[in-house]
Amino acid sequence: MARTRLGTHIGVVVDDYKMDPAEPGFRDFVMELLLQHKVVFFKSQHFSPATFTEMVGQLGRKEVHPFRTAADVITGISPFQPYPEYPEITGIYHDEKVTGNLNSWHSDLNWREIPPFASVLRAVRIPPQGGDTVWANMAKAYDSLSDSVKSELDELRVVHDWVQIYRSAFKDNEDALRRMQEQFPAQSHPLVLTHPLTGERLLFSNKVSGVRIEGVGDEESRRILDMVHRLAWRPEFQCRFQWDEGDVAIWDNLATQHYAVSDYWPHVRKMERITLEGMPIK
Ligand SMILES: [Fe+2]
């Protein structure tokens with residue numbers, strides 16, 4: 001087995017290792033790498049949907065995307081659910097007709113009451129060139145701030161809402177949109193989290209779901225969120241991974257943000273993701 005750091009502050013690539021969920025210590029091995037490096041890449045795994053689901057199940061409790069139940073209205077994300085028999089797998093498929101749309105800095109499902117702790121992504125089909133993913137270490141981003149800015153941010157809370165992500169999928173179906181909003185209302189999370197497993201302080205808001213700071217005016221809210229969200233753009237906090245088919249990435253979804261580079265149209269890119277249930281955050 002070979003381990004190679006991908007960035008100075010984030011990311012490690014593991015080569016010559018076959019992920020085997022039955023191996024004693026498998027979960028501990030993965031978790032240690034994950035907490036230390038925040039995103040871990042396992043080369044050449046070539047899971048089937050069944051073995052992928054089984055492997056992820058060894059790492060924690062698998063989630064089903066909450067909008068799976070609203071498949072009839074999520075027409076813009078296709079095919080969101082590739083395998084009826086594996087409801088935990090979310091298909092992230094792009095081709096000539098469905099262009100890449102994940103090229104915004106975000107973490108996954110922050111708008112849930114308990115956001116997922118980790119995401120696991122496998123590369124099923126990779127374009128001949130392009131389609132990399134970039135991750136940013138948001139604990140490092142917090143560390144980079146001065147003490148006075150840290151204390152300004154420390155007690156703030158951010159409202160996270162899925163509507164700006166999925167609004168277009170509902171087209172004119174306002175009733176369906178309202179029903180989903182009742183079922184999944186916007187959530188308030190601390191802007192600065194203490195990571196439940198590492199104890200690190202980190203910035204927990206992103207451009208896609210973090211819509212406003214509670215208790216301050218619109219302008220001030222915009223100023224703070226823009227400043228925080230832009231920190232993810234800084235290359236010093238990032239790593240960039242070039243996928244091969246069969247590769248698996250696991251990232252700490254609380255401590256990182258990611259950006260899927262959409263530079264491969266009209267080629268096909270097929271990824272499959274399972275998220276792992278998180279823990280209450282504060
Ligand atoms: Fe994502």
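In which sense do strand 3 and strand 13 pair, and over how many bridges? They pair in the antiparallel sense, over four bridges. Two strands pair if DSSP finds at least two bridges between them. This is a predicted model: local features need pLDDT of at least 70, side-chain atom pairs count only at pLDDT 80 or more, and totals for chains, interfaces and linings use all residues. Residues are numbered from 1 along each chain as its sequence is written.

**View 1. The whole chain holds seven helices and 15 strands.** Helices (H or I, at least four residues) and strands (E, at least two) are DSSP runs, numbered from the N terminus. The C-alpha atoms fill a box of roughly 50 × 45 × 35 Å, taken along the principal axes.

**View 2. Strand 1 meets strand 2 (residues 12-15).** The two run antiparallel and are joined by four bridges. Ala2 stands opposite Asp15 in strand 2.

View 3. With strand 2 it pairs in the parallel sense over three bridges. Val14 stands opposite Phe42 in strand 3. The chain crosses from strand 2 through helix 1 to strand 3, and this β-α-β crossover is right-handed: with the strands pointing away from the viewer, the path from the first strand over the helix to the second runs clockwise. Toward strand 13, the bridge partner of Phe41 is Ala249.

**View 4. Strand 3 points buried residues both ways.** Val39 and Phe41 point one way, Val40 and Phe42 the other. A residue is buried if 20 or more other C-beta atoms lie within 10 Å of its own, exposed if 12 or fewer, and partly exposed in between; C-beta atoms are placed from the backbone. In a regular strand the side chains alternate between the two faces of the sheet.
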